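Please work through the exercises below with the sequence and the model in view. Each task is followed by a solution in steps.

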Amino acid sequence: MHRILSVLCFWLACTFVGDAAAQEFSSKPVMVTVPFAAGGPADVIARILAHGMSKALDQQFVVENTSGAGGTIGTAKVAASLPDGHSLLLMHVSHAANVAFYPHLRYDPVKDFEPTGLVAESPMAFVARKDFPANNFKEFVAYVKANTEKMTHGFAGVGSASHLCSLLFLHAIDATVSGAPYKGTAPALNDLMGGHLDFMCDQTLNVLQPAKAGLIKAYAATTPQRLKVAADLPTVSESGLPGFQMVVWYAMYAPKGTPKPVIDRLSGALQKALQDPEVKERLAQSGAETVAPERARPEVLRAHLISEIDKWVPIIKKAGVLSQ
Ligand code: MLT
């Protein structure tokens, strides 16, 4: 009981708990688990946010990567963590999609977490190795279709955003291509730049800079409109696959049982961080956008997550992509 009170009082800045207890918690960092490899889009977003939330709460935030199995390993770790306000998960659309990809998940994405808030939306783009023999998205599609047996696409494990995007694309063009799973798109991008993979659908956060530097080719963005930061990059929709869209939404969660006042305080810090010009600017540079602070609330995220599970499960089942 004293421990629970101490946790609550640290987070709420109560004055009636002894100094020793307050000191114990104030010196303990908040761990933000990223369920994908270091250096990739989720990791970058987590580090930018952790910095912003750390400023907002005057508290140390530490980012830790626990990658593998499309983000489900790190997610399961947070679900099993102590619900004391010192464990957070930064996860994206795959928190919803993995329900379809993994029928025997070790956690329930809704019941085993306390939603803290939506964070950002991150667009994707189709990219290929720099010597890929196609000069635009139409040629890219034609070449993939004509050479399926020779192609390998890279992705961040079954159920990841890059997996989902490539599978929906291959379903749309009626092609089957073998895929190479990685623990995140950072290592996959390295192999694409090295010419060991043919293509990927990855977040612009990861691929815009190497594309600008000529290390890979970028063909089209998965957004409804062209990106402000890459206006010369066409959309998939305008390039022959009308209606093809995929935006990766990110959110933050705590383990089930984290006290509501603690969640409210963390959510408040998240909302503050999302209004920090430095945070907004660093995400905007790569095409990502922070959500409006009123969307970074627990109840908004809960409703969004449920609606995304309802949306993705039938799409994934219809595309028949569960076993690919
Ligand atoms: C990552 O950070 O590596 C990506 O978010 C993985 C993905 O494609 O889902």
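Helices are DSSP runs of H or I with at least four residues, numbered from the N terminus. Just after helix H7, Asp 174 takes a positive phi of about 60°. The model under study is a predicted one.

**Exercise 1.** Describe the salt bridge between Asp 43 and Arg 47, and state how the two residues are placed in helix H3.

*Solution.* 
Step 1. The closest N and O atoms of Asp 43 and Arg 47 are 2.9 Å apart. A salt bridge requires such a pair to lie within 4 Å.
Step 2. Both residues belong to helix H3 (residues 41-57); since they are 4 residues apart there, about one helical turn separates them.
Step 3. Asp 43 has 4% relative accessibility and counts as buried, whereas Arg 47 is partly exposed, with a relative accessible area of 38%.

**Exercise 2.** Which parts of the chain does the salt bridge between Glu 278 and Lys 55 tie together?

*Solution.* 
Step 1. Glu 278 forms a salt bridge with Lys 55, and their closest N and O atoms are 3.1 Å apart.
Step 2. Glu 278 lies in helix H11 (residues 277-284) and Lys 55 in helix H3, so the pair ties together parts that are 223 residues apart in sequence.
Step 3. Glu 278 counts as partly exposed at 36% relative accessibility, and Lys 55 counts as partly exposed at 44%.
Step 4. Lys 55 and Glu 278 are also linked with Asp 276 in a network of salt bridges.

**Exercise 3.** Locate the two partners of the salt bridge between Glu 121 and Arg 295.

*Solution.* 
Step 1. The closest N and O atoms of this pair, Glu 121 and Arg 295, are 3.8 Å apart.
Step 2. Glu 121 is in strand S4 (residues 113-129), while Arg 295 is in the loop between strand S10 (289-290) and helix H12 (298-318); the pair links distant parts of the chain, 174 residues apart.
Step 3. Glu 121 is partly exposed, at 34% relative accessible area, and Arg 295 counts as partly exposed at 30% relative accessibility.

Methods: Residues numbered from 1 in each chain as written. Predicted model: local features only at pLDDT ≥ 70, side-chain atom pairs only at ≥ 80, totals over all residues. Heavy atoms only, no water. Salt bridge = Lys/Arg side-chain N within 4 Å of Asp/Glu carboxyl O. Buried < 20%, exposed > 50% of the residue type's maximum accessible area, 1.4 Å probe, protein only.
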